[in-house]
Amino acid sequence: QMTRQWIDTGLSSSDRNAFLKNSLTPFDLQHKETGKAFRAKYANLRFLTLEEEMTAGKFSHVGKRLETIRSVLKEALDREPTDDEWAQSCKLTLSDLYTYLDLSIRARNRLVQHNMRLVDFWARKMISFSVGAREISYFELVTEGLVGLTKAAENFDGRGKFQTYATFWIRSELYMGISRLRPGNHVPHRVSQLYSKIKRAETMLTDAAITRAHTHPHGGVSG
């Protein structure tokens, strides 16, 4: 089951919907129909079963391994390898190579299409509870979320639950997108994260110093 759609804020359902509507930027309103079409298209697509996710993940991972071999071959040859050279390096016939690549793409597409609701869920949640997210559009947030979902599908190897795995990638791309697209913000996401960690460390050290001062008011062991 997907995480409950709204954090309990004490608001009624209608009040939450009104809050979300008022949180949208003017640019969002231009894409309101796009958002409706997005939800209407994918709302009826069920989440895959664990077995279906495992099968799709394994085929997707085969494609990633083939692409890794191609990258290594390209570096060794110092040029783009031909498909025949690629197939030979994979110890496959050219026909088998094309078959595995096609199955990999189909598997990734299936993982993405059946989990589009996760992107919509997290984009709307960001708009509801993040000031930075309300400064950019729903349309842009969905785009960033889809990048994360696609990366998750490309890297998933069939182990574990895909929804949990994809949530990490979606949220990560959304946070980076907010840092990058937020008006007037030119600080990279990783720098922003590092700054937050430094501030937390400073707070912890300050608290520790205060505690130590209370414990040893005369600054050390008396002789």
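Student: In which kind of crossing, left-handed or right-handed, does H6 pass H8?
Tutor: This is a predicted model, where local features need pLDDT of at least 70, side-chain atom pairs count only at pLDDT 80 or more, and totals for chains, interfaces and linings use all residues. Residues are numbered from 1 along each chain as its sequence is written, and side-chain values use heavy atoms, leaving out hydrogens and water. A crossing is left-handed if the near helix is turned anticlockwise from the far one by less than a right angle, and right-handed if clockwise. For H6 passing H8, the crossing is right-handed.

Student: How are H6 and H8 oriented to each other?
Tutor: The axes (lines fitted to C-alpha atoms over the stretch in contact, with angles from 0 to 180 degrees between N-to-C directions) of H6 (residues 94–113) and H8 (residues 138–155) come within 9 Å and cross at roughly 135°. Angles under 35 degrees count as roughly parallel, over 145 as roughly antiparallel, 65 to 115 as roughly perpendicular and the rest as oblique. H6 and H8 are therefore oblique.

Student: Which residues of H8 make the contact with H6?
Tutor: Contact means heavy atoms within 4.5 Å. On the H6 side, Arg108, Leu111 and Val112 take part. Their partners on H8 are Leu149, Thr150, Ala153 and Glu154.

Student: Is Asp78 buried or exposed?
Tutor: Find Asp78 in the loop between H4 and H5; helices are DSSP runs (H or I, at least four residues) numbered from the N terminus. Buried means under 20% relative accessible area, exposed over 50%, and partly exposed in between (1.4 Å probe, protein chains only). Because its relative accessibility is 71%, Asp78 counts as exposed.

Notes
Helix = DSSP H or I, 4+ residues; strand = E, 2+ residues; numbered from the N terminus.
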